[in-house]
Amino acid sequence: MFASAAIALVAVLWWATAGALDRQTDAAIRADAIALAERWREAGATGLAEAIEERLAVDVENESLYLLLEAEGTRRLAGNLDRWPNAPAAEGAWFRTRVLHDGVAAEARLHRLDLPGLRLIVGRDESEREQLRRLLTEGVLWASGAVVLFALLGAWMLRHALQTRMRPVFATTAAIAGGDLASRIALSGRGDEFDRLAQTLNGMLERIVTLMEGVRGVSDAIAHDLRTPIARARAKLEDALSDVPDEAALRAAVEQGIADLDGISRIFQALLRIAEAEAGARRAAFAPLDLVPVLADAAEIYEVAAEARGQHFATDLPERLELVGDRDLLLQAIANLLDNAIKFTPPGGTVTLAARLLPAAIEVAVADDGPGLVPEDRAHAGERFFRADKARATPGSGLGLSLVQAVVNLHAGELRLEDATPDRTPPGLRVVLRLPKP
Amino acid sequence: MRILLVEDDAEVARFVKKGLQEAGHTVEHATNGRDGLFLAASEQFDMLVLDRMLPGGVDGVRLVETLRSQGNRTPVLFLSALSAVDERVKGLKAGGDDYLTKPFAFAELLARVEALGRRPSVDAPATKLRVADLELDLLSRTVTRASKRIDVQPREFRLLEHLMRHAGQVVTRTMLLEKVWDYHFDPQTNVIDVHVSRLRQKLDKGFDKPLIHTVRNAGYMIRAEP
């Protein structure tokens, strides 16, 4: 593109200079011829011959060529050419030929003019101009060559530079396409567009990896932990089929089977929710909200359950707690905590839901009078399907706290487990959610 | 009711069709979205039960969008294996009226179908709801039974209102959670049962005829006859 533009420019230049030289010569010859014809009209053949001799005498550059002959015959009346040029030409013709000028062969531009009884040739020796033109042509050719060369060189260098800068991107994308999701594009540190592109791509890769891990987490959990309840339900149904011929018992077994399946599908649902929260896929449902009504709703839903078990239920909530988050998931997290607390608190005990506004965070705490968690177990409490030894007798999937953990992570918060009343035995458990203020 | 079921899974379709017919409804069945759309657009139905994902180029969402764009306002219940919240939102945005995730209990489906098919008419908003001698005044927000005032908390009032608006129909626990508490979550335990039994105690105390009945494996129903 650049090369062709440059070549076009050179061509125009060439035409303008070399062409102008030619046109200048022609114009001079024409003017000369008209002046001589005028002279002939005034002073006849003799006057014309004189004029020619005069002109030749003053021509310092020795460029002008003249030849005046009789129309019939070859007698030279005036001029500096020895003989009529070889190229036969008609009256008024313009032509270019080689002539002998001062004993040297020279390129000449000639114009033939016929007058009654006379033949006249007016011309210019073009040797010098020809030389100039040659020089010009050579220059133009060299320039064009250089342009093409530099264009090619420039293109190659640009391409090379681009390739060098893009090579890490290609290498990384190829590695990722090949299955190595951990590889990242190396930054050059120059902070230019390429680095910015690499940073964006790396950010995208991080996100993909997080999502992939969420998906992998679910499939792991399905593989490991759904098989057990499925196997249990299957065994029970098979048992019922082989052992009990009695219809009522069979019906009971089928009903139990359906209940087991419902339980499995609830575990599945919980796993999906955890994975969704962990992968951050639910951030789309984030909206500004006041957490207090959500907490109040949770309290209202679970208060009756606590009272039905003979427990006290206490709340301590502020006026407002502004937050950006997922309302359903936050309620689910609080519900899981309250459900746990109610499950592990003995009759007569107290379950407390409290929230307060800290300078930089919102703190929600659920405390119970239950057995509490030994420090070793606290670290595992957020893991899927983890159940403390003491909890094995109570119903539950072991997914409640891992969902809470996932929801807290999704909201960029922290989850802390501690003794509710460290000086008493049992110490009870307090679960503290600390969510950042918007 | 005349119900159109669009479901490609033969087993689920058979199960749903049989159940709805046993409950006294007429069921037409289409196995793909194209046929479903053709039937829904050319015949009169009281209710559409649609699978969210359907073969034949027209999925449940497209089907509903097309119907709604033609001004067809037949209530639509989505059945879907896609449980993610935004899938649910997508379904309801397209013009669906309710969304039920697979696997589901048939009782849940039936309760939702009947609730949708007999929605209270919008043009004549009632100010009082009555079941036998129980009366709920929506303006003064009071509950009386046999002219005797019963004190209920605001949430209990909403719970009772929902049950009474669907008097004679089964209302499931998840429907109550969604409609009365307005949350989509899994309460883990039977908290809804505790709320209902509290309300029941308040209503039935001193009367020999219970009004709120538990429907086994399904939910609750308020009605005059036991």
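## Stop 1

Start by selecting β8(B) and strand β9 (residues 148–150) of chain B: they run antiparallel and are joined by three bridges. (Strands here are DSSP runs of E, at least two residues long, helices are runs of H or I of at least four residues, and both are numbered from the N terminus; two strands pair if DSSP finds at least two bridges between them.) Before going on, some housekeeping: this is a predicted model, where local features need pLDDT of at least 70, side-chain atom pairs count only at pLDDT 80 or more, and totals for chains, interfaces and linings use all residues. Residues are numbered from 1 along each chain as its sequence is written, while chains are lettered from A and ligands numbered from 1 in the order in which they are written.

Back to the two strands. Click B:Arg145 and you'll find B:Lys148 of β9(B) opposite. β8(B) and β9(B) form a hairpin with two residues between them, and B:Ala146 in the turn has a positive phi of about 50°.

The hairpin of β7(B) and β8(B) has four residues between the strands, and B:Arg141 takes a positive phi near 55°.

## Stop 1: the parallel sheet

Next, show the five strands of the open sheet in chain B, in the order β2-β1-β3-β4-β5, with parallel pairing. At the edges stand β2 (26–30) and β5 (98–101) of chain B; each has a single partner strand, so one side of each has no neighbour in the sheet. From one strand to the next, the twist averages 20°.

Zoom in on strand β1 (residues 2–6) and strand β3 (residues 47–51) of chain B, a parallel pair with four bridges. B:Leu4 has B:Leu48 in β3(B) as its bridge partner.

Turn on the helices too. Helix α3 (residues 60–69) of chain B packs on the sheet, touching β1, β3 and β4 (76–80) of chain B, and its direction makes about 150° with that of β3(B). Helix α1 (residues 10–22) of chain B lies across β1, β2 and β3 of chain B, at about 165° to β2(B). (Axes are lines fitted to C-alpha atoms, for helices over the stretch in contact, and angles run from 0 to 180 degrees between N-to-C directions.)

## Stop 2: a pair of helices

Select helix α2 (residues 33–42) of chain B together with α3(B): they pack at about 25°, with their axes 10 Å apart. That makes α2(B) roughly parallel to α3(B), a label for angles under 35 degrees. The residues making this contact include B:Leu37 and B:Ala40 of α2(B), and B:Leu63 and B:Leu67 of α3(B). (Residues are in contact if their C-beta atoms, placed from the backbone, lie within 7 Å.)

## Stop 3: where the chains meet

Colour by chain. How many residues does each chain bring to the contact? Chain A gives 23 residues and chain B gives 18 residues. On the side of chain A, the elements that give two or more residues are α4 (247–279), α5 (291–308) and α6 (327–344). α5(A) gives the most, with seven residues.

## Stop 4: inside chain A

Finish with A:Leu110, in strand β4 (residues 104–115) of chain A. Is A:Leu110 buried or exposed? A:Leu110 counts as buried because it has 22 C-beta neighbours inside 10 Å. Now pick A:Ile29: it is 81 residues away along the chain, yet its C-alpha atom is 8.0 Å from that of A:Leu110. Leaving aside neighbours within four places in sequence, the contacts of A:Leu110 include A:Leu65, A:Phe95 and A:Ile121. Across chain A, with 438 residues, 25% count as buried.

Conventions. Contact = placed C-beta atoms within 7 Å. Parallel < 35°, antiparallel > 145°, perpendicular 65-115°, else oblique. Buried ≥ 20, exposed ≤ 12 C-beta atoms within 10 Å, placed from the backbone.
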